[in-house]
Structure formats: structure tokens, C-alpha cells
Amino acid sequence: MADPLSAADRSALAAEQGPVNMSVGGVLVLDDDPRLSASAIAERIAGRLHLIPRYRQRLRSPAPGVTNPAWADDTHFDLDWHLRSAHLEAPGDAAQLGDLVGRDFSRRLDRNRPLWELIRVSGLEGDRVALVVKMHHALVDGVAAVDIGTMLLDPTPEPLDIPDPGGPWTPRSYDPVRHLARIAGEPTAVAQRFLRSSVSRAVAATDPRRGLSDLRKASDTAIELARQRPQAPMTPLNAQLSANRRFAMVRADLAPVKAAGAKAGGTVNDTILALVTGMLRRWLDHAGVQLPADPVALVPVSVRREGDEGGNRISTVMVDLPVDAPTPEARIWMIHQTMDRLKESAAVRAGALLVGASGAAPPVISSQIARAMGTFRAFNLVVSNVPGPQQ
């Protein structure tokens with residue numbers, strides 16, 4: 001038994017090259033409680049893991065590098081391997097927690113196991129603990145990652161009554177020969193269907209009779225779509241990446257953010273982009289950098305529909321950040337105008353094509369796409385706003 005990855009999920013695998021690490025995650029900071037002990041967390045996850053079967057599956061491919069991988073049950077699944085504990089020495093402040101998270105996210109997940117981990121961090125000031133959840137982007141997008149919180153959290157002090165799965169979990173066997181035979185029956189068919197429909201919406205329809213050559217042309221089209229807008233300006237952010245990561249947290253009340261957006265005629269998302277723009281303006285001034293054009297943010301846009309589960313349901317848009325706007329209100333309004341224009345244009349459809357292009361192709365082609373996409377500077381930074389639980 002093997003479940004295919006979506007094109008967008010596979011693109012997350014293809015993007016993980018060189019120093020690029022495609023792990024995503026979150027940090028829950030909670031008041032300490034006996035129900036948050038390491039053993040209690042393990043028991044909670046074990047009792048609810050059947051709700052998210054993908055978390056007991058790993059990547060398998062009958063012909064690595066030639067055929068795309070699929071999800072298959074991990075016959076050696078070991079929950080304890082995915083759960084770890086860490087302790088902060090006094091004072092246990094946010095900077096120490098951020099350092100721990102940054103170091104952990106500098107390390108890639110093991111593709112020979114299900115692509116997730118959870119760390120329980122004790123020793124935080126104020127008698128608190130943190131749960132650091134780490135997942136591969138091929139497993140979830142931001143919205144799906146938030147949904148995973150339901151595995152750990154309940155809406156009331158009383159735990160939800162989760163139906164028993166009906167016995168111990170038994171992994172389904174994986175037959176590489178059967179997997180290979182199944183995908184051999186329709187070589188590149190899924191990729192062709194995806195790219196044909198996407199390209200026909202974003203640009204002009206391709207000839208559906210051209211097989212693999214059509215796939216290559218559609219891949220070239222995906223790359224050219226990104227080239228159509230001006231190259232993003234060079235900034236100190238665009239230096240050569242290393243494998244090392246940093247993580248930091250800042251807290252802000254939601255009410256003032258909503259009020260600022262409403263006053264300037266924008267949304268919460270517009271306001272967050274404006275906050276980042278103001279931060280960039282101060283940072284560029286401090287660094288003594290003058291840009292010939294506005295910096296560009298790649299902004300993921302959820303295209304998830306009701307009923308969609310797990311995986312990636314995202315597009316992307318490129319947003320010019322008006323760092324020279326005279327006031328915060330002006331920044332919010334200008335960004336709001338830009339986002340409205342982008343959402344009504346073909347940009348979201350084109351972004352979905354770019355997200356899925358490398359994943360829709362066979363691995364040999366997808367690696368070429370990933371390298372080609374790295375030959376030009378399409379954006380300077382990524383800004384993602386994922387709404388958390390609403391209670």
C-alpha cells in the first residue's frame with residue numbers, strides 16, 4: 001500500500017537541496033501541569049495518532065531518483081524515537097528557547113522515518129513548558145500544521161472522548177514491485193494533467209498530445225512565469241545561505257493589529273505585512289543600505305477548501321513591500337491595494353503552478369527545475385501568516 005504525494009508536496013521535497021531545509025513547525029508555550037509530563041504527552045499522542053495516519057508513514061520509492069516517492073506505513077514505527085525532552089538552565093528565557101529551536105531546525109528530518117518530531121522543553125521562566133513541533137513541509141502546509149494541534153489540545157478542561165481505533169495499529173505492507181507496476185501503467189500522466197491544466201489557466205494551453213516534451217515545455221513555462229516580473233533588488237538578506245537557522249519570538253495583542261488594519265482600510269494580513277515592511281525599513285537604515293527598488297516578499301496564500309486534509313494546499317504571490325511609505329497607515333493601505341490586485345489577477349493561479357511544477361515532474365526533471373529556479377532572484381524574503389486556534 002502506498003499513497004501518492006501531491007505535486008505541491010513533492011515540490012517541498014525537491015526544494016530541499018544544499019543548505020535549504022524544508023522543515024516547518026511551531027512552539028507552544030504553556031503553563032506547566034502534570035498533564036504535560038513527558039509520559040502524559042506520549043500517552044496522549046499514542047491514543048490519538050490514528051486520527052492522523054500520515055504520522056506513521058514514511059517516504060518510499062521503488063526506483064529512487066526515477067519515480068516519485070509515496071507515503072507507506074513505517075513497519076518499524078517507534079513513537080518514542082519521535083519524542084524528545086530538553087531542559088533550559090536558569091533563567092529559561094525566550095532567547096534561550098529561541099536558540100534551542102534554531103539549533104534543532106538547523107538539522108534536517110530523517111527521510112527514512114515519518115517526517116515529524118516533538119520536543120518537550122522544561123525549565124522555562126514562570127513555571128512553563130514548551131512543546132516544539134517539527135514537521136516536513138511535504139507532510140503539511142501551515143494551516144494543516146495548526147490542525148495537528150488538535151492531537152495535543154482540547155477545547156475544554158475535560159479531554160475529548162476519542163473513539164478507540166479498535167485494536168493495535170498494524171502497518172500495511174509495502175510492495176515496491178506492485179508500486180512500480182502501478183505507476184508504470186501511466187508514466188508522467190499525473191504530471192501532464194496537472195501542468196496542462198495549470199498552464200492553460202495561467203498562460204496558453206499546451207498540446208495534450210506531446211507527452212514528455214509537453215511536460216518539459218510546461219516546466220519551462222513555470223520558470224518563465226517567475227521571470228516575467230522584475231528581479232528583486234539585491235539586499236544583505238540574499239547572501240549565501242548556510243544550514244544554520246535562528247528563531248525568535250515576539251508577542252503582540254491581536255486587537256490593536258485589527259484596529260490598525262481597519263483604520264487604514266486593510267486586513268490583519270495587510271497589517272502584518274506592513275509591520276514587516278517597517279521592520280525592514282529600520283533594518284536597512286541601520287545597515288546603511290539604499291535599495292533601487294522595493295524589496296519583494298513571497299507570500300504563501302492558502303487555497304485549501306473545506307474538507308481538504310493534510311498535505312499542501314497553497315499558492316504564492318510576490319508582493320512589493322513599500323519601505324519608503326511615509327507612515328505605517330500608508331504602508332497598510334498600499335499593501336492592501338497590492339494584495340487586492342494580486343488576488344484578482346492570474347498571480348495566484350501562476351503561483352500554484354510554480355509551487356507544483358517541480359513536484360509534478362519526475363525527480364530527474366524536478367531537480368533541474370529547482371536548480372533553474374535558483375538562477376534568478378525572484379524575492380528577498382518569505383512572510384507567512386498562519387492563523388492559530390481561535391479559542
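1. Let's start with a pair of side chains: aspartate 32 and arginine 120 form a salt bridge, with their closest N and O atoms 3.7 Å apart. (A salt bridge here is a side-chain nitrogen of Lys or Arg within 4 Å of a carboxyl oxygen of Asp or Glu.) The two residues are 88 apart and link distant parts of the chain, with aspartate 32 in the loop between β2 and α2 and arginine 120 in strand β6. Helices (H or I, at least four residues) and strands (E, at least two) are DSSP runs, numbered from the N terminus. Aspartate 32 is partly exposed at 33% relative accessibility, whereas arginine 120 is buried at 14%. For those words, buried means under 20% relative accessible area, exposed over 50%, and partly exposed in between (1.4 Å probe, protein chains only).

2. A word on what you are looking at. This is a predicted model, in which local features need pLDDT of at least 70 and side-chain atom pairs count only at pLDDT 80 or more, while totals for chains, interfaces and linings use all residues. Residues are numbered from 1 along each chain as its sequence is written, and side-chain values use heavy atoms, with hydrogens and water left out.

3. How far can you trust it? The pLDDT, which is the predictor's confidence in each residue from 0 to 100, averages 79 over the chain, and 69% of the residues score at least 70. Residues 183–196 fall below 50, and this stretch has 29 contacts in the model beyond near neighbours in sequence. Residues 356–366 are also below 50, with 39 such contacts. Contact means heavy atoms within 4.5 Å. Where pLDDT is low, the predicted coordinates should not be read in detail.

4. Now the overall picture. The secondary structure comes to 13 helices and 10 strands. Of the 391 residues, 42% count as buried. Taking the contacts with a separation of 6 or more, 76% are between residues 24 or more positions apart. The chain exposes about 21100 Å², and carbon and sulfur atoms supply 55% of that; accessible areas come from the Shrake-Rupley method with a 1.4 Å probe, and for residues only the protein chains shown count as cover.

5. Back to salt bridges, of which the whole structure has 17. Aspartate 3 and arginine 54 make one, the closest N and O atoms being 3.6 Å apart. Aspartate 3 sits in strand β1 and arginine 54 in the loop between α2 (38–48) and β3, so this pair ties together parts 51 residues apart in sequence. Both ends are partly exposed: aspartate 3 has a relative accessible area of 24%, and arginine 54 has 30%.

6. Glutamate 117 and arginine 107 meet in a salt bridge too, at 2.8 Å from N to O. Glutamate 117 lies in strand β6 and arginine 107 in the loop between α4 and β6, so the parts tied together are 10 residues apart in sequence. Glutamate 117 is buried, at 4% relative accessibility, but arginine 107 is partly exposed, at 32%. Both belong to a network of salt bridges that links Arg84, Asp104, Arg107, Glu117 and Lys134.

7. Asp104 brings us to helix α4 (residues 94–104), where it is buried along with Leu97, Gly98, Leu100, Val101 and Gly102. What covers the buried residues of this helix? The cover includes strands β2 (23–31), β5 (83–87), β6 (116–124) and β7 (128–136).

8. Strand β1 also has a place in a sheet. Three strands form an open sheet in the order β1-β4-β3, with antiparallel pairing. Its edge strands are β1 (3–4) and β3 (57–60), each pairing on one side only. Two strands pair if DSSP finds at least two bridges between them; β3 and β4 (residues 70–73) are joined by 4 bridges. Within β4, alanine 70 is the bridge partner of arginine 60.

9. Two last spots to look up. Valine 29, in strand β2, is partly exposed at 32% relative accessible area. With Phe247 and Met249 it forms a nonpolar surface patch of about 220 Å² accessible area together. (Patches are made of residues with over 30% relative accessible area and no salt bridge: like charges are joined within 9 Å, nonpolar side chains (Val, Leu, Ile, Met, Phe, Trp, Tyr) within 5 Å.) Alanine 14, in helix α1 (residues 7–14), is buried at 13%. Its C-alpha is 9.6 Å from that of alanine 138, which is 124 residues away in sequence.
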